Amino acid sequence: MSDYYDIKKLCSLSRIEIDESKIQQTTEKIKEIISFFNKLDEFELNEKGDNDTYGNLPQSIPTTSTSDNEEKIDNYIKFEKKINDLRDDSNDENNNYTSLFSFRFHNNKNGYVIGPRI
Amino acid sequence: MSVDLYRLPGYIISGKIKNQEILAEDYINLVYDRINKIDVKINSFISKNYEAAIQKAKKIDNKIKNNEKTGSMAGIPIGIKDNISVKGLKNTCASKILQGYESPYDATVIDRLKDQDAIIIGKLNMDEFGMGTTSEFSFYGEVHNPWNIDYVAGGSSGGSAAVVSSLQVPISLGSDTGGSIRCPSSFCSVIGMKPTYGTVSRFGLVSYSNSLEQIGPIAKTVTDIVLTLNAICGKDSNDNTTLNKQYEYKVNKIDEILSKNYKIGVISNLIDSSDKQVAKTIFNKIDMLKENNFNVNDTSIKYSDFALAAYYIIATAEASSNLSRFDNIRYGFDFNPEGYEWNSYSSHMRSNFGDEVKRRILVGSFVLSAGYYGKYYLKAQKIRNILKSEFNRLFKSFDVLILPTMPILPFKLGEKGSTPLELYNLDIYTILANLSGIPAISIPAGFSKEGLPIGLQILSNEFNEQILLDIAMFFEQKDKFSEWNPVQ
């Protein structure tokens, strides 16, 4: 890391456009930050006795769900609410959103919101 | 009605409203008059909530008139950092990319403040998405320090600290990812607190780095901090990182605080490496503790040299993931996508992020990329774990640890930031609490010979916020720092 092509690659991965005139400046600043991160190379981890699993489930917890172990997984990972219950605004399946779209979105045509090509 | 009411802390105002000495509606009008007069110089507000605030004030007045029960914060105006969702108000995160976004729901902290009859006054300026140490990286212009408007207010919750310091509102909410509450509190001479991770719900806070950030209060008095913490803390079923604990913080009297014989550790290696005026002020505070028979001893913290690099690796990695949702499809502003291909449309829209945000996203993508994950991200997580162990070791010997909030004095707008590291290095004392999840508070400690504020930072072990509040209360009583106000 890092030259012009590395930064262009990172921009592509991050879906960010950077003006050509700013690429050089951005490259230098990112190089400076990464060099700072390389300070961690001076740190000897093994001496400090770090035994954390960092996100790996304990071996006693099954990683694939079967009818026998679902309860074991549920007991380990507890979520009080389903994702769809987090917000109090509701999704009305029967609603016709055409009027809402025309009100909220300026870029629409024939009752449809215009989106980028896929 | 006396125009000096704006000088009073929130808890006194609430008492006057409840006792019918003043009407909440009159007081809120006075607050907006003050904001309209002062904020042209400070630039702490991004949006205001005048009509809804007046409606709420009228409701509170009616409740009191009818002898109905009111909340613990009845009539207290509160400013909210612009990355915390308030239903019906813009939630821009000080970014161009969210300039038209209006939140469809309230964050849990806002629900809880409203339940206690607090009044939401408006949304406050900040560094874009919380990424900065000066509040200069805002699409809405930089925040000015009320003590000298040519100087930075600190960041990223610069608007939240400046608005309290300049006596526009008595209390505000900020968010703290690496010192974003404490840094501006230090630079603006107010109290700012980052609670233990998991104490306050983050539901409704626009995420920058989930594993590091917490919402917390900023005020001029410890009593207002306690009042706000008691309102916002607690388990939230919408945020699975909140803990099921009972929180009831108190404002203890000074005799009671002194009788607890708190053991205080002075992190002398970090104080010594600060600006001379900062170090001198902090040592004066330590002398004050010794004179009052606190058990004070020197100590040092290991691994702090590595902590800053570990912090920025984790923060940028989480930011690159969290900010991927801002593609102008799910959130964004009006822009005709006709003729754009999907990926080029997203990239083009995301170029509306500010330079610092773009830089952090790119760095985050780099440290998470295949081949570098073990070298950077995994190692940073391990250092984070070791730092937590180091704090556990220190808190076996001490109840609290003392160090400066910021290593240097506030500086002039535009003076720093030519290189990113120049600003990143300023976070060296504040990121320790975020990496280890412990609570921390910044309180006013004094001023430099140029009249620039200096902050004292106090750290305690997780869920020991009461000790922080006790030590802060000791200094508030001794120094009377709540009466330190900038000349308007």
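## Reading a two-chain predicted model

Visitor: Where do I start with the strand pairing in chain B?

Guide: Strand E11 (residues 400-404) of chain B and strand E13 (residues 453-460) of chain B run antiparallel to each other, paired over 5 bridges. Strands of a sheet pair through backbone hydrogen bonds, either parallel or antiparallel. Here two strands pair if DSSP finds at least two bridges between them. Strands (E, at least two residues) and helices (H or I, at least four) are DSSP runs, numbered from the N terminus. Within this pair, B:Leu401 sits opposite B:Leu459 in E13(B).

Visitor: In what order do the strands of the open sheet of chain B come?

Guide: That open sheet has 11 strands with mixed pairing, in the order E1-E3-E2-E6-E8-E7-E12-E13-E11-E9-E10. Strand E1 (45-48) and strand E10 (295-299) of chain B are the edges; each has a single partner strand, so one side of each lacks a neighbour in the sheet. On average, neighbouring strands are turned by 30° against each other, direction ignored.

Visitor: And which strands does helix H5 of chain B lie across?

Guide: Helix H5 (residues 158-165) of chain B lies across E1, E2, E3, E6, E7 and E8 of chain B, at about 155° to E6(B). Axes are lines fitted to C-alpha atoms, for helices over the stretch in contact, and angles run from 0 to 180 degrees between N-to-C directions. Helix H7 (residues 222-232) of chain B also packs on the sheet, touching E6, E7 and E8 of chain B, with about 150° between its direction and that of E8(B).

Visitor: Which residues touch the most other members of the largest nonpolar core?

Guide: A nonpolar core is a set of buried Ala, Val, Leu, Ile, Met, Phe, Trp, Tyr and Cys residues joined through C-beta atoms within 7 Å. A residue is buried if 20 or more other C-beta atoms lie within 10 Å of its own, exposed if 12 or fewer, and partly exposed in between, with C-beta atoms placed from the backbone. The largest core has 156 residues, and B:Ile78, B:Ile191, B:Ile313, B:Val400, B:Ile458 and B:Ala472 touch the most other members. H11(B) gives the most to this core, 11 residues.

Visitor: Is B:Gly437 buried, exposed or partly exposed?

Guide: B:Gly437 is partly exposed because 18 other C-beta atoms lie within 10 Å. You'll find B:Gly437 in the loop between helix H16 (431-436) and strand E12 (440-447) of chain B.

Visitor: How many residues of chain B are in contact with chain A?

Guide: Two residues are in contact if their C-beta atoms, placed from the backbone, lie within 7 Å. By that rule, 44 residues of chain B meet 39 residues of chain A. H14(B) gives the most to that side of chain B, with 9 residues.

Visitor: What is the mean pLDDT of chain A?

Guide: pLDDT is the predictor's confidence in each residue, from 0 to 100. Chain A has a mean of 73, and 47% of its residues reach 70 or more. Among its elements, helix H4 (residues 98-104) of chain A has the lowest mean pLDDT (55), and helix H2 (residues 20-37) of chain A the highest (93). Where pLDDT is low, the predicted coordinates should not be read in detail.

Technical notes. Residues are numbered from 1 along each chain as its sequence is written. Chains are lettered from A and ligands numbered from 1 in the order in which they are written. This is a predicted model: local features need pLDDT of at least 70, side-chain atom pairs count only at pLDDT 80 or more; totals for chains, interfaces and linings use all residues.
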